[in-house]
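Hi there,

Here is the structure I promised to pass on. Have a look at it first, and then read my notes below.

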Amino acid sequence: MEASSSSAGPAPQPPPSIPPSSDQAVWADASQLVAAACADLQDGDLVHGENFSLFAAMSALEIMDPKMDSGMERSGYYSIEEAIEDGIAPVPLSLDKTLDIQRTLDVIDHLFSCEATWHKGHTLAQTVFTCIYLVKIERIASHAVLNSFCRILRATCNALISVVSTARTHEEEDLFTMSFGLALKDEGDDKCLSVLNSVEETISRQLRACKSQALSKKKTLEGLESLQDNPALEEDYCRALLCRLRFRKHFHHVVTCMRRPNGRGLDLARKHITSCLTELSLMLKSQEFLKSRSDITLHQGDASCTTASGCCPIGFDVSLNSRLLSPAPPRAVEILAWGDAIRYFEKLLHDLDIICALSLDPVLENVLQFIAQFQKSVPDLVPRAFLQTLLIQDGKLYGRDLICDVISRALSLPDIVGDKEFQTNEFVVQLGQLVFNLLKILCTNTAWQRRKLGKSLQDWSTISIQLELALKREFGETRNVLAHENICMRVSKQLLVWSQEQTYWIASRFLILGFELDLYSPSEYCMVYWYMHVAFIKLIEKMQLRILASNENARRKGKKKKDHSKDSGRDAAFPASCLLLQCYVLLSEGLSMLLAALRNESKSFQLPSIFNSEQERFMQHFDLLQKARIPEGITYYSFKEAAAQAHMADVMKYNFFKEIQKIIPSLKGSFAGDLEKLAEIRQIEQVAEHNRIALNIINHVGAGDPSLRVSFEFTHHPHFAVAVVKRS
Amino acid sequence: MSAAVMPASAPAEGGSSSSGGEEIAYVSYGGEQHLPLVMSLVDEELSEPYSIFTYRYFVYIWPQLTFLAFDAKDGKCVGTVVCKMGEHRGSFRGYIAMLVVLKPYRGRGIATELVTRSIRVMMESGCEEVTLEAEVTNKGALALYGRLGFIRAKRLYRYYLNGVDAFRLKLLFPRPQLGLHPMMVGEERDEQHMDSPYL
């Protein structure tokens with residue numbers, strides 16, 4: 001920078017917009033200072049102010065550095081018009097009708113791969129909208145097939161953005177909804193289905209004609225315009241196109257049906273999902289023909305083919321939109337291979353089908369279980385957004401059930417459903433808000449979910465404490481006034497126990513998700529399993545209290561528990577879900593004690609560090625739980641003391657893994673018919689069995705034997721490790 | 001940010017160390033002459049791009065937290081660590097921004113030594129904790145920081161430009177008030193009514 005003004009002459013008057021000199025400030029000519037500073041600054045130097053932050057430093061981009069400059073020219077085109085003029089996206093795609101249809105199929109396939117890539121976490125601008133035909137859709141009005149395909153694809157993209165934006169579960173995945181000012185719709189898109197239907201009808205008539213011609217050996221196809229000029233290929237081209245167009249049609253229907261309020265379109269959506277899967281398999285089947293027709297010289301690498309034929313598509317330019325992107329270093333975009341895109345959509349449709357099969361059960365416990373089970377298969381953003389928009393609509397569960405009714409049902413107090421006083425109670429209103437937040441959090445990706453769950457623990461804990469205080473204030477300290485209990489007190493007590501139960505459920509989930517995210521190292525397993533077993537014990541305790549109270553309630557009413565005994569295992573005192581939790585307690589406790597005994601007797605699974613001790617690591621891992629007093633009175637010393645006392649003899653004596661094996665048969669009976677639960681029980685059984693054997697071997701050899709090598713693997717369950725014993 | 005290192009056995013003490021028969025000299029950031037060395041090392045080894053402003057931001061404000069490792073034989077700069085420290089949500093915390101050791105020099109404890117020096121300065125300057133981010137696939141860096149007492153506090157989804165997740169690693173320094181005697185918390189524990197042999 002050059003300082004241009006000289007210091008001679010009178011000081012220039014500040015422009016009228018600048019405030020005049022005052023007691024605090026006077027205006028002075030700084031030209032000389034600036035000129036001197038300019039001469040002082042070297043290339044890359046900066047004047048550092050107090051407010052110059054890391055964010056400011058990192059926001060600086062070096063132009064023409066390919067690692068930083070996302071707008072850096074790569075293709076050589078300055079505009080889409082220039083690219084079109086240069087002939088990279090001709091319409092028709094070829095004057096040779098056979099080649100035209102072949103190229104159209106390549107464009108369709110590459111768009112399909114782009115769409116999957118977009119879903120997997122890239123921008124629309126760098127994926128689907130790299131297609132010049134789709135961006136400049138008015139150019140292909142005369143190309144019926146490509147026009148109908150592009151229009152419905154664009155409409156579907158637009159609908160999906162709307163679903164994901166509504167769900168707002170995409171905090172870390174916001175690239176999905178960023179459209180960078182691209183034209184996501186125009187008037188023609190409303191008619192995309194009818195346009196597609198008429199094209200589909202024409203081609204299917206053509207296909208029928210091909211078949212009958214084959215039968216009658218006639219030479220010409222009367223009254224129909226063929227797709228291309230080679231009659232021998234007509235039927236295969238018709239089939240290849242039809243399955244692709246039909247996939248788009250059904251997928252569009254799936255999206256539309258699933259967006260209907262109150263889950264009214266779910267049954268119909270399932271039919272379209274089935275159709276989509278059929279068309280996907282036909283698409284795969286068409287690959288052989290398309291490969292056989294493709295020009296070998298244009299082949300992409302086999303593993304990374306973005307088209308069925310293996311040919312590079314025409315009409316795409318990856319760098320055209322790069323100037324639209326935010327001024328940040330470019331993210332690497334690698335378009336998924338066509339085969340991977342097919343697999344992505346298969347999984348997507350499978351996940352959507354699970355959502356559509358949801359029975360809209362108003363029992364909160366079951367809803368939470370459903371989401372947790374659904375998340376096990378690590379669904380991508382789109383299905384998670386659909387699930388959330390189904391669960392929460394217009395501030396109600398499924399857009400149907402008031403959240404206070406959901407809570408009163410969870411309390412097993414049917415008489416207060418619809419009760420105005422209950423509905424407007426400040427605790428109930430607050431808890432309702434927490435439940436909604438919980439449902440939303442559970443639909444986010446695991447990494448984000450765990451962080452949010454951890455933070456929400458404080459809120460749950462606070463409301464429990466407030467409830468407890470209110471209860472004491474209203475009804476005194478005594479706990480044994482069962483005879484005089486009025487309904488109000490019973491509701492308050494039940495609400496307290498229930499909110500504590502939710503708190504421990506969240507705490508348990510927070511802890512187990514750490515395994516899924518690989519946040520724990522083997523030297524920390526001992527304390528993690530110890531904390532898990534504490535949390536599970538408290539969860540069972542609260543669950544049992546709630547059930548006892550509701551049984552008591554039912555007994556008072558002198559009513560047979562007919563309508564409310566739907567939970568399996570009610571013939572026993574507590575439902576099977578308690579028994580399943582008991583298995584988790586035993587597994588966590590057994591693993592923690594085994595690890596503690598190994599630490600004590602073989603000095604393994606310890607990690608001394610020069611800067612801190614195990615206590616600090618404990619504090620950090622369980623900081624959020626500790627701050628929220630989950631549970632009360634548990635500190636590092638509770639763990640340290642318990643762990644210090646653990647010895648192999650005790651682990652053998654309490655044989656937790658054998659205890660689990662005793663529970664399993666009854667659990668299997670209780671959950672007969674529930675395939676997901678049975679699979680979980682089977683996994684637990686295997687972990688218990690492997691660990692029981694490992695324990696015996698360690699005990700036999702002696703934990704202190706220097707040749708003994710014990711490691712822990714998650715081969716049978718994502719959260720519960722299996723001890724692997726080797727001797728060197 | 002990132003790290004390009006390998007697991008190593010034990011950190012070496014002193015201003016220089018000798019392992020595998022070669023001497024490594026460790027130097028605190030000494031001024032402008034060191035900047036190009038730091039920049040070229042990081043640029044070469046790490047996936048994330050940083051502008052010169054980012055480097056200056058760190059080395060000008062916290063030169064005492066930046067260290068360089070030189071091969072004493074030929075004077076070549078083979079590793080560097082770049083850090084900062086400051087207030088963060090009510091606590092004073094250190095942050096390790098970049099840690100690089102050239103490939104042929106990895107596995108000799110150079111990274112451990114570099115980062116240990118920075119962490120020591122942070123601890124002496126009153127930091128309560130140290131944080132950093134590392135790619136979930138960077139086994140070498142994760143092992144190194146694990147040995148120094150870091151825990152994996154969070155996973156950050158698709159944190160890096162290359163689409164890879166990151167772990168947020170944290171090292172908490174011992175605080176005096178944490179040193180409660182077990183006797184002082186014993187009473188609270190009596191309130192536990194858990195039927196467990198393990199409590």
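Arg152(B) and Asp518(A) join their side chains in a salt bridge, with 3.4 Å from N to O. Please keep in mind that this is a predicted model. For the interface of chain B and chain A, the rule finds 1 salt bridge. The contact involves 57 residues of chain B and 65 residues of chain A. Together the two chains bury about 5200 Å², and carbon and sulfur atoms account for 62% of that area.

I also followed helix α6 of chain A (residues 144-167) and two of its helix contacts. With helix α8 of chain A (residues 231-258), the axes come within 10 Å and cross at roughly 25°. An angle under 35 degrees counts as roughly parallel, so α6(A) and α8(A) are roughly parallel to each other. The crossing is left-handed. Among the residues in this contact are Phe149(A), Ile152(A) and Leu153(A) from α6(A), and Leu241(A), Leu245(A) and Phe251(A) from α8(A). By class, the contact residues are 11 nonpolar, 3 polar and 3 charged.

How does α6(A) meet helix α12 of chain A (residues 381-391)? Their axes come within 8 Å and cross at roughly 60°, which makes α6(A) oblique to α12(A). Here too α6(A) passes in a left-handed crossing. Leu160(A), Val163(A), Val164(A), Thr166(A) and Ala167(A) of α6(A) meet residues of α12(A) including Leu381(A), Val382(A) and Phe386(A).

Best wishes

Note on methods:
Residues numbered from 1 in each chain as written. Chains lettered and ligands numbered in written order. Predicted model: local features only at pLDDT ≥ 70, side-chain atom pairs only at ≥ 80, totals over all residues. Heavy atoms only, no water. Axes fitted to C-alpha atoms, helices over the stretch in contact; angles between N-to-C directions. Helix = DSSP H or I, 4+ residues; strand = E, 2+ residues; numbered from the N terminus. Parallel < 35°, antiparallel > 145°, perpendicular 65-115°, else oblique. Left-handed = near helix turned anticlockwise from the far one by under 90°. Contact = heavy atoms within 4.5 Å. Nonpolar A, V, L, I, M, F, W, Y, C, P; charged D, E, K, R; others polar. Buried area = accessible area lost by both parts, 1.4 Å probe. Salt bridge = Lys/Arg side-chain N within 4 Å of Asp/Glu carboxyl O.
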